[in-house]
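My notes follow in the order I took them.

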Amino acid sequence: MVDVPKGLALWLHIAAAAVLVGGALYARLAMQANAVTLAEDEAVRVNDTAAERFRGWVLAAIVVLLITGIYNYLHTGAHSVRYHVLLGIKLLLALHIFASALLALRPKNPRRGRQLVGAGISGVAAILIAVYLSQLA
């Protein structure tokens, strides 16, 4: 039988991760690369405007990931020690993603590119661990 709430929670979790990690990678790879073609003050203005508009999406994605992550964990049954170790690593990566993304969105942030790369790399690692965990559950 189809478990609609569990499927919806999983879909929301994946969608929120895509927004957060994909947005961070896009901001770094496309927005920051495009800023090179602009004058310095114009590049700062464009990047700050984009960061301000993305901030709401990041906060919403973090809230959705926290709620659906707890729900998904509670509704997957018993877990092995390996599962818990990898889940702990994934949660630490998630905290790094959340912190890096929120810090990167501060106005006039000279380290925005580096923080977005950190969030993107940690995001890809967390997704790889999540795929492996789904095979263990």
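**Fold.** I read the pattern along the sequence first: the protein chain runs α-α-α-α. I count four helices and zero strands. For these I use DSSP runs, numbered from the N terminus: helices are H or I with at least four residues, strands are E with at least two. The C-alpha trace spans about 55 × 30 × 20 Å along its principal axes.

**Ground rules.** I note that the model is predicted, so local features need pLDDT of at least 70, side-chain atom pairs count only at pLDDT 80 or more, and totals for chains, interfaces and linings use all residues. Residues are numbered from 1 along each chain as its sequence is written, and side-chain values use heavy atoms, with hydrogens and water left out.

**Burial.** Of the 137 residues of the protein chain, 35% count as buried. My classes are buried at under 20% relative accessible area, exposed at over 50%, and partly exposed in between, with a 1.4 Å probe and protein chains only. The areas come from the Shrake-Rupley method with a 1.4 Å probe; for residues, only the protein chains shown count as cover.

I looked up the largest pocket next. Rolling a probe the size of a water molecule over the atoms shows where empty space is left. The search runs on a 1 Å grid over the protein atoms alone; a pocket is an open set of points where a 1.4 Å probe fits, with protein on both sides within 12 Å along at least five of seven lines. The largest pocket holds about 970 Å³ of space. That volume is the space filled by probe spheres set on the points, which are joined across faces, edges and corners.

I find 31 residues in the lining of the largest pocket, with H13, G69, N72, K90 and A130 nearest its centre. Helix 1, helix 2 (40-74), helix 3 (81-104) and helix 4 (112-136) each give two or more residues to this lining. A lining residue has an atom within 4 Å of a point. By type, the lining divides into 23 nonpolar, six polar and two charged residues. Here Ala, Val, Leu, Ile, Met, Phe, Trp, Tyr, Cys and Pro count as nonpolar, Asp, Glu, Lys and Arg as charged, and the others, Gly among them, as polar.

**Salt bridges.** How many salt bridges are there? My rule asks for a side-chain nitrogen of Lys or Arg within 4 Å of a carboxyl oxygen of Asp or Glu. The count comes to two.

- R45 pairs with E42, with their closest N and O atoms 2.5 Å apart. Both lie in helix 2, three residues apart, about one turn of the helix. R45 counts as partly exposed because its relative accessibility is 47%. E42 is partly exposed too, at 30%.
- R112 meets D48 at 3.1 Å, N to O. This pair links distant parts of the chain, R112 in helix 4 and D48 in helix 2, 64 residues apart. Both R112 and D48 are buried.

**Surface patch.** I noted a nonpolar patch of L8, W11 and L12, with about 320 Å² of accessible area together. Patch members have over 30% relative accessible area and no salt bridge; like charges are joined within 9 Å, nonpolar side chains (Val, Leu, Ile, Met, Phe, Trp, Tyr) within 5 Å. L8 sits in helix 1 (residues 4-35). Its relative accessibility is 49%, so L8 counts as partly exposed.

**Backbone.** K108 is not a glycine, yet I read a positive phi of about 50 degrees. K108 falls in the loop between helix 3 and helix 4. Is K108 buried or exposed? K108 is exposed, with 64% relative accessible area.

- V21 in helix 1 lies 8.0 Å from I97, 76 residues apart along the chain. V21 counts as buried, at 8% relative accessibility.
- E52 in helix 2 lies 7.9 Å from R106, 54 residues apart in sequence. E52 is exposed, at 56%.
- V64 is partly exposed, at 28%.
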